[in-house]
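Q: Take a look at this model. Let us go through what its labels rest on, one at a time.

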Amino acid sequence: MDMSKKILELAAKYRDYTAENLSKLVKTKSYSSKEKDVCDLIVRLCKEAGFDEVRVDGLGSVIGRVGNGPKSIAFDAHIDTVEVGNMKNWTFDPFSGDIKDGKVWGRGASDQKGGAAAMITAGRILKELGYGGQYTVWFTFTVMEEDCDGMCWKYMIEEEGFKPDLICSTEPTSCRIYRGHRGRMEIQIFLKGISCHGSAPERGVNAAYKAAKAALAIEKLNNELQPDEEHFLGKGTICVSQMDVKGPSQCAVADYAMIYCDRRLTWGETADLAIAQVKKAVSEATGDPEDEIIVQMPDYKKVGYTGTHYSQELYFPTWKTDKDHPLVQAAVKDYETLFGKEPVVDKWTFSTNLVATTGRHKIPAIGFGPGDEEQAHAPNEITRVKDLEICSAFYAELPYLLEK
């Protein structure tokens, strides 16, 4: 029997198995840095699926292996989720994991435990087929992505020396092939004022007014940012996400202001460029010299559930893989071979762990995942069971296509 046909038959055979595993994952709450229970579950599911190796790294991510070839590819899913937000926006229990109407329901179903469930099934399929080809196939179930995307991979690569040749992220793509997304960074702006009694504000310099002018300058800067030359990733963006203004009292002119910005970076934009743009825009708006305006990129620091301390600056480099790269071409061929039609090749709007693997460490990557990007962080989250079946087959087939 043709290998592709075997893979499709096995993905269909294990359709309910994949959905039931996703249900178990959804029922197991796993907020960032609190993923131990779901990681324990994943270890058990991978062992039951017959993986050749299953281990947990120092930060808490689960790493599974099938095969032992000289080349390597990793399929990645982060298994932490955002919180549920306002429960009044949900029409069902976010941790029900219900399977009905051809969907799995609950927090993380799309973002992105659906990818994790499909990966487990793909590993089971490869074991059942006796895969022993040119690739070592890794499956990584990674932690703390929602808090700091890519830090889990920065840890694996830089601290543990785990660096595969190729990566496939299983973040939701609606079963399309993605080959890039914008980078991002977080920026803090600090502005100084001079306090005085609120009854005579002319005696001081109000940092709140500077902050207001600076915020409007950021809005103007956003409108002036340009798209990449290829017009693939689109334009960079910047927005004010938080503001904090303080003075000695409620009856005093504010002498301190902090503005927090979310900056999305298109191809060719760097952290240094973005900071320089902000300094210039704020200086022109407030009249303060650029060297008196503090613009910085903060650090992220947190302790993983294993007790490991790790941190990084909040900078997540842009990445893309050329449409003619062998990995992209193999993925297109994979899709066409299995499903008999041409895939959509596109990009994510949001950011993924690939900022580390590919943005920082230049490992060629693609994305292909169940569920829709629009479901991420939204109430009433779902993933289609059919997507899980499609992705299980796609992941199992890809190592064979890469060998060709």
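Q: What makes D40 partly exposed?
A: This is a predicted model, and D40 has a relative accessible area of 39% there. Buried means under 20% and exposed means over 50%. The value falls in between, so D40 is partly exposed.

Q: Why is the pair D40 and K36 called a salt bridge?
A: The closest N and O atoms are 2.8 Å apart. The cut-off is 4 Å between a Lys or Arg side-chain nitrogen and an Asp or Glu carboxyl oxygen. The pair is within it, so the name applies. K36 is partly exposed too, with a relative accessible area of 43%.

Q: How do you know that D40 and K36 are separated by about one helical turn?
A: Both lie in helix α3 (residues 36–48). They are 4 residues apart, which is why the separation is put at about one helical turn.

Q: What makes R360 and E313 a salt bridge, and which parts does the pair tie together?
A: The N to O distance is 3.2 Å, within the 4 Å cut-off. R360 lies in helix α9 (residues 354–360), E313 in strand β15 (residues 309–313). The pair therefore ties together parts that are 47 residues apart in sequence. R360 has 23% relative accessibility and E313 has 26%. Buried needs a value under 20%, so both count as partly exposed.

Q: What makes E53, R55, R65 and E160 one network?
A: Their salt bridges share partners, and this joins them. Over the whole structure, a search finds 26 salt bridges.

Q: How do you know that D262 is buried?
A: Its relative accessibility is 18%. The limit is 20%, so D262 counts as buried. D262 lies in strand β12 (residues 256–265). Beyond its neighbours within four places in sequence, D262 is in contact with M185, T237, I238, C239 and S241.

Q: Why is the link between the side chains of D262 and R264 called a polar contact?
A: The distance is 2.9 Å.

Q: What makes β4 and β20 edge strands?
A: The open sheet has 3 strands in the order β4-β5-β20, with antiparallel pairing. β4 (99–100) and β20 (382–384) each have a single partner strand, so one side of each is left without a neighbour in the sheet. Helix α2 (residues 15–27) packs on this sheet and touches β4, β5 and β20. Its direction makes about 15 degrees with that of β5.

Q: How do you know that β5 and β20 pair?
A: Pairing takes at least two bridges. Strand β5 (residues 103–105) is joined to β20 by 3 bridges, so the two pair. W105 has I382 as its bridge partner in β20.

Q: Which residues have the most contacts inside the largest nonpolar core?
A: They are F75, F139, F141, F368, F394, Y395 and L398, in a core of 78 residues. Helix α10 gives the most to this core, with 11 residues. A second, separate core has 23 residues, including I218, A274, I275 and V295.

Key
Residues numbered from 1 in each chain as written. Predicted model: local features only at pLDDT ≥ 70, side-chain atom pairs only at ≥ 80, totals over all residues. Heavy atoms only, no water. Contact = heavy atoms within 4.5 Å. Axes fitted to C-alpha atoms, helices over the stretch in contact; angles between N-to-C directions. Buried < 20%, exposed > 50% of the residue type's maximum accessible area, 1.4 Å probe, protein only. Polar contact = N/O pair within 3.5 Å; in protein donor to acceptor, adjacent residues only side chain to side chain. Core = buried A, V, L, I, M, F, W, Y, C linked by side-chain atoms within 4.5 Å.
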